[in-house]
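Dear colleague,

I am handing over the structure below, and after it I set out what was found, with the cut-offs given where each term comes up. Please read it with the coordinates open beside you.

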Amino acid sequence: MGMAASEIEALIVAALPDATVEMTALVDDNNHWRAHVVSAAFAGKPRVAQHKLVYEALGGRMGGVLHALQLTTAVPS
Amino acid sequence: MSDVNERLSSIVNGSDVVLFMKGTPLFPQCGFSNKAVAILDHCGVAFDSVDVLQDMEVRQGIKAFSDWPTIPQLYVKGEFVGGSDIMMEMYEAGELQTLLDEKQVAKSS
């Protein structure tokens with residue numbers, strides 16, 4: 001179970017090429033991550049839609065192989 | 001609509017605030033569900049909870065119902081609001097309290 005931070009980051013950047021992704025381990029077990037994703041693609045979208053863009057980038061892994069990803073999103077300032 | 005969607009629709013419209021979670025508010029079975037309960041407690045609203053671990057049909061069905069991959073999930077007046085991360089972002093920005101006020105949700109006693 002679990003995914004490496006680099007793997008998560010690569011999937012997000014593949015779908016949102018302008019994104020900057022900041023990964024932080026919540027627990028040191030390669031399975032509990034916090035991701036802060038900043039992308040212009042989020043502009044004007046409600047939070048649910050912003051998070052869905054990231055979940056789509058992860059291609060169904062969220063809630064499955066990737067149990068614990070605490071996600072925050074933002075538009076570049 | 002399938003039977004499970006009809007069931008889910010009647011659940012989310014059955015109370016002002018409904019939280020689908022793992023475990024119960026007193027005994028959450030997951031850190032994210034625990035956080036969602038704590039946020040609602042801080043907001044001082046009355047809410048109903050559904051323990052998805054007790055019902056496989058609901059556990060799978062709710063993810064398709066809202067097109068959202070994870071539990072917990074918060075519904076206010078029948079509308080999907082988000083999971084625990086969005087609840088926390090909204091709470092910290094004061095938006096969750098505003099939403100609950102605007103929707104005239106009953107306070108917990």
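The largest nonpolar core has 29 residues, and of these Val18(B), Leu19(B), Phe20(B) and Ala36(B) touch the most other members. By nonpolar core I mean a set of buried Ala, Val, Leu, Ile, Met, Phe, Trp, Tyr and Cys residues joined through C-beta atoms within 7 Å; a residue is buried if 20 or more other C-beta atoms lie within 10 Å of its own, exposed if 12 or fewer, and partly exposed in between, with the C-beta atoms placed from the backbone. Two or more residues of this core come from each of helix H1 (3–12), strand S1 (17–21), helix H2 (31–43), helix H3 (56–66), strand S3 (73–76), helix H4 (84–92) and helix H5 (95–102) of chain B, where helices (H or I, at least four residues) and strands (E, at least two) are DSSP runs numbered from the N terminus. Apart from it lies another core, of 18 residues, which includes Ile12(A), Ala35(A), Ala41(A) and Phe42(A). In soluble globular proteins, nonpolar side chains tend to be buried together.

This is a predicted model, in which local features need pLDDT of at least 70 and side-chain atom pairs count only at pLDDT 80 or more, while totals for chains, interfaces and linings use all residues. Residues are numbered from 1 along each chain as its sequence is written, and chains are lettered from A and ligands numbered from 1 in the order in which they are written.

To stay with chain B, Ala36(B) touches Leu19(B), Met21(B), Pro72(B), Leu74(B), Ser84(B) and Met87(B), not counting residues up to four places away in sequence; contact here requires that the C-beta atoms of two residues, placed from the backbone, lie within 7 Å. One of these partners, Pro72(B), lies in the loop between H3 and S3 of chain B and is joined to Ile71(B) by a cis peptide bond, with omega about 10°. Asp67(B) lies in the loop between H3 and S3 of chain B, where its phi is near 55°, a positive value in a residue other than glycine, and Asp67(B) is exposed, with 10 other C-beta atoms within 10 Å. Lys77(B), in the loop between S3 and S4 of chain B, has a positive phi of about 50° although it is not a glycine, and with 17 other C-beta atoms within 10 Å Lys77(B) is partly exposed. Most residues other than glycine have a negative phi, and most peptide bonds are trans.

The sheet of chain B is open, with 4 strands in the order S2-S1-S3-S4 and mixed pairing, two strands being paired if DSSP finds at least two bridges between them. Its edge strands are strand S2 (48–51) and strand S4 (79–82) of chain B, each of which pairs on one side only. S3(B) and S4(B) pair in the antiparallel sense over 3 bridges, and Tyr75(B) stands opposite Phe80(B) in S4(B).

In chain A the elements run α-β-β-α-β from the N terminus on, which makes 2 helices and 3 strands. Buried residues make up 30% of the 77 residues in chain A, and along its principal axes the C-alpha trace of chain A spans about 35 × 20 × 20 Å.

S1(A) and S2(A) pair in the antiparallel sense over 7 bridges and form a hairpin with 4 residues between them, Asn30(A) in the turn having a positive phi of about 60°. S2(A) also pairs with strand S3 (residues 68–74) of chain A, in the parallel sense over 7 bridges, and Ala35(A) stands opposite Leu71(A) in S3(A). Strand S2 (residues 32–38) of chain A has a covered face, Trp33(A), Ala35(A) and Val37(A), and an uncovered one, His32(A), Arg34(A), His36(A) and Val38(A).

Ala19(A), in the loop between helix H1 (5–15) and strand S1 (20–27) of chain A, counts as buried because 21 C-beta neighbours lie inside 10 Å. Ala19(A) and Ala40(A) are 21 residues apart in sequence and 7.5 Å apart in space, C-alpha to C-alpha.

Between the chains, 7 residues of chain B are in contact with 9 residues of chain A. H4(B) gives the most to that side of chain B, with 3 residues.

With regards
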